[in-house]
Amino acid sequence: MPNEVELPKNYTENQEVMNLELGPDLGEMNWEDANTRLEELNKTLSPDEKKWRLPTKEEFAGLEIELRKIWDDQNLPYEQKELLVGEYLNKIGIKEHRGNYWSSTPYENDTNQAWYCLAYNGSTHYAYKQYKYQTQPTR
């Protein structure tokens, strides 16, 4: 039986992150294809169902805050930090722990780029929209 991993005392369940309903991981695709795929997925929903969308850069910032609490805890060995990060990402529904995930937020200084999140630590970066990153909708 595996050992239970205890979360750091300063850990909280950030409601902005925890209240997101994550949909199925749609795999890797470029930003334009991701948005087209979500439009197609939304056409299958009834009018009263909430529509799927990519998470915003700001929503990913909430993820980074939570993961920072784990990575910055000086009392935890690195291996335990990795386990906790994996446990947290599993809990909120992110399967590709080392994956890059598209956000819905275009990069403000270049319309050919958009923001994405590195799931492992929650940090956000921008990249060209033709790159293929994980696509996981939320609502």
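The buried residues of helix 3 are Glu59, Phe60, Gly62, Leu63, Glu66, Leu67, Lys69, Ile70 and Trp71, where buried denotes under 20% relative accessible area, exposed over 50% and partly exposed the range in between, with a 1.4 Å probe and protein chains only. The model is a predicted one, in which local features need pLDDT of at least 70 and side-chain atom pairs count only at pLDDT 80 or more, while totals for chains, interfaces and linings use all residues. Residues are numbered from 1 along each chain as its sequence is written, and side-chain values use heavy atoms, with hydrogens and water left out.

The protein chain contains four helices and five strands, in the order α-β-α-α-α-β-β-β-β from the N terminus. Helices (H or I, at least four residues) and strands (E, at least two) are DSSP runs, numbered from the N terminus. Of the 139 residues in the protein chain, 46% are buried. The accessible surface of the protein chain is about 8,100 Å², and carbon and sulfur atoms supply 48% of this surface; the areas come from the Shrake-Rupley method with a 1.4 Å probe, and for residues only the protein chains shown count as cover. Among contacts (heavy atoms within 4.5 Å) with a separation of 6 or more, 64% join residues 24 or more positions apart.

Confidence is expressed as pLDDT, the predictor's score for each residue from 0 to 100. The protein chain averages a pLDDT of 87, and 86% of the residues score at least 70. Residues 1–5 have a pLDDT below 50, and this stretch has four contacts in the model beyond near neighbours in sequence. Where pLDDT is low, the predicted coordinates should not be read in detail.

Helix 3 has 15 residues and spans 20 Å from its first C-alpha to its last, close to the 21 Å expected; the expected span is 1.5 Å times one less than the number of residues. Ala61 lies in helix 3 (residues 57–71) and counts as partly exposed because its relative accessibility is 33%. The C-alpha atoms of Ala61 and Ser123 are 7.2 Å apart, although 62 residues separate them along the chain.

A nonpolar core is a set of buried Ala, Val, Leu, Ile, Met, Phe, Trp, Tyr and Cys residues joined through side-chain atoms within 4.5 Å. The largest such core has 16 residues, and those with the most contacts inside it are Leu63, Leu67, Val85, Leu89, Ile92 and Ile94. Helix 3 and helix 4 (78–92) are the elements that give two or more residues to this core. Leaving aside residues up to four places away in sequence, Val85 touches Leu67, Ile70, Trp71 and Tyr120. A second, separate core has 13 residues, including Leu38, Leu41, Ala114 and Tyr133.

Strand 2 (residues 100–106) and strand 3 (residues 113–118) pair in the antiparallel sense over four bridges, pairing being assigned if DSSP finds at least two bridges between two strands. These strands form a hairpin with six residues between them. Tyr101 stands opposite Cys117 in strand 3, and Trp102 has Tyr116 as its bridge partner. Strand 3 also pairs with strand 4 (residues 123–128), in the antiparallel sense over six bridges. In strand 4, Thr124 is the bridge partner of Cys117. The hairpin of strand 3 and strand 4 has four residues between the strands, and Gly122 in the turn has a positive phi of about 80°. Five of the six residues of strand 3 are buried, so this strand is largely enclosed by the rest of the structure.
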